[in-house]
Amino acid sequence: MSHHIVEVRDLQHTYPDGTHALRGVSFLIHHGESVAIVGANGAGKSTLLQHLNGYLMPTAGQVRIGDLPLTRKTMPEIRRTVGMVFQDPDDQLFMPSVYDDVAFGPLNLDLPGEEVDKRVIRALETVEALHLRDRPPYKLSGGQKRRVAIASVLSMAPDILVMDEPSSGLDPRARNQLISLLATFRHTKIIATHDLDLVLDLCERTIIIHEGQVMADGPTTEIFGNTELLSASHLEKPLRMQGCPVCS
Amino acid sequence: MPAIDTGFYDISHLDTLAAQDSVIHRLDPRAKVLTTLCFVLAVVSCDSHAVSQLMPFFFFPLFLIVLGNLPVLYFCKKLILLSPFVLFIGIFNPFLDRTVMLHIGPMAVSGGWLSFFSIFLRFILTVSVAFLLVATTGFTAVCMALEKLGAPKVFTVQLLFLYRYIFVLVDEGVRMVRARALRCFNGRGTGLHAFSQLIGSLLLRTLDRAQRIHMAMQCRGFRGDIRLNRQLRIGRPEILFMAGNLLFFLLVRIYNVPQLLGTFLLERSL
């Protein structure tokens, strides 16, 4: 099935100030895959993610989502297909109440009122946040905000979920709950993160970005086993794969 | 910065009050906004020396407080906090206008004092009703009603965002001020220079955030207008509420009810 494929071919991006953030990135992600994008600070992860739903346009190269190339014309369809969860939920939750926020996307898709309502409730139920529906976002805890942010994307019924640092700022329990929630999703997932233990739990494939290029692309266990590769890209083995400092 | 902090907890207290369920809370926000607007117009348009005529207007805020199940003391405190501003507006009237207009027993009351009291009463009436509107309706619903009533979209959307992000902004500001305070010694670093730089970087951060929010909105199909999935309905209670109150305002505005009542009672007793 050619559906839900994310194809990035020789993607380059130069910011107006002359920074070469991406210098030729290529990869292909298939339907239902769960892929981690890891790399040092400033490696180009965020820039890459912002191309996947057309917030940034490539300086050179191409992005294809499903059967569509990314162009100004295809943008609305691509934005519906690709749900983007931002790093800071305060940026994503801009409406006065949780309900309004989750309804924002579906309303912009011109869906009828009852359908919007149905979708909002289903999305909030999925992330177990239905009881928060009338609360203003500023009164939520970090973990609740993250769940609602995910619901606000789920309500648009995307095929592909793109997440930027989903576990940042969460306490250990909220982080664990998030991981088990994400594990239940059947969507194609693309997760940019520094939390390599989360990658071990959720992603069977890892792409390492280093200085705007793909440094490695392969099965997660294989990549995390390669110490030299990791240290060359300013990363370390996930804690779980390191020897125990107490008992060994 | 505890003062600012508590000020903002207060805004959320208004939100809690607005989340109640009462006859007044259940009314369509448009009816409440319109009635409030008419009330303010009626109060403001009274004669500049009107004091006794303004008194019956107090029935409206009282009516809202009682039916809306709201704490009176809370609103009194709010009004006292704001009252210095109004005192300064009217404080010179008694000195400027010394023509005697009224005798209460042996005491002569000048026009200046009358207009001063009039200003003060108007302030209490209009500001308390504005507070009560938000406390019975909620800020979001007020914005929504304004938009449905034909206020420019840019304006209502600005208000919505202001209300959503003021908390984030204050939070960020307070954190920056705290970070500065922790590294200031012997009064050095607290000056205007450091402060202007602090404000400057707060502005830059805000612009950054605005850009990220814009991105988040675009990602979810934003095309220039914000929609809310809520049905508003003007039914019998709304019509009753509006008609009753407007009639009352009109009556009180045209006739000086306390004066009429006074002459009527005096004639009876004579």
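**Exercise 1.** Does E128(A) count as buried, exposed or partly exposed, and how many C-beta neighbours does it have inside 10 Å?

*Solution.* The model is predicted: local features need pLDDT of at least 70 and side-chain atom pairs count only at pLDDT 80 or more, while totals for chains, interfaces and linings use all residues. Residues are numbered from 1 along each chain as its sequence is written, and chains are lettered from A and ligands numbered from 1 in the order in which they are written.

Step 1. A residue is buried if 20 or more other C-beta atoms, placed from the backbone, lie within 10 Å of its own, exposed if 12 or fewer, and partly exposed in between.

Step 2. E128(A) has 13 C-beta neighbours inside 10 Å, so it counts as partly exposed.

Step 3. E128(A) lies in the loop between α5 and α6 (142-154) of chain A; helices are DSSP runs of H or I with at least four residues, strands are runs of E with at least two, and both are numbered from the N terminus. The phi of E128(A) is positive, about 55 degrees, although the residue is not a glycine. Most residues other than glycine have a negative phi.

**Exercise 2.** Describe α4(A) and the residue D110(A) that follows it.

*Solution.* Step 1. In α4(A), 11 of its 11 residues are buried. Among them are Y99(A), D101(A), F104(A) and L107(A).

Step 1. The cover over these buried residues includes α5 and α6 of chain A.

Step 2. D110(A) follows α4(A) and sits in the loop between α4 and α5 of chain A. Its phi is near 65 degrees, a positive value in a residue other than glycine. D110(A) is exposed, because 10 other C-beta atoms lie within 10 Å.

**Exercise 3.** Characterise the fold of chain A by its elements, extent and burial.

*Solution.* Step 1. Chain A has 10 helices and 10 strands. Its radius of gyration is 18 Å, close to the 18 Å that the globule rule gives for 248 residues, so chain A is as compact as a globular protein of that length. The radius is taken over C-alpha atoms, and the rule is 2.2 Å times the number of residues to the power 0.38.

Step 1. The C-alpha trace of chain A spans about 55 × 50 × 40 Å along its principal axes.

Step 2. Of the 248 residues in chain A, 48% are buried. Two residues are in contact if their C-beta atoms, placed from the backbone, lie within 7 Å. Among contacts in chain A between residues at least 6 apart in sequence, 66% join residues at least 24 apart.

**Exercise 4.** Locate the domains of chain B and their contact.

*Solution.* Step 1. Chain B is divided into domain 1 (2-150 + 237-260) and domain 2 (153-219), with bounds from an automatic or database domain assignment.

Step 1. The centres of the two domains of chain B, taken over C-alpha atoms, are 33 Å apart.

Step 2. In chain B, 8 residues of domain 1 are in contact with 8 residues of domain 2. On the side of domain 1, α8(B) gives the largest share, 5 residues.
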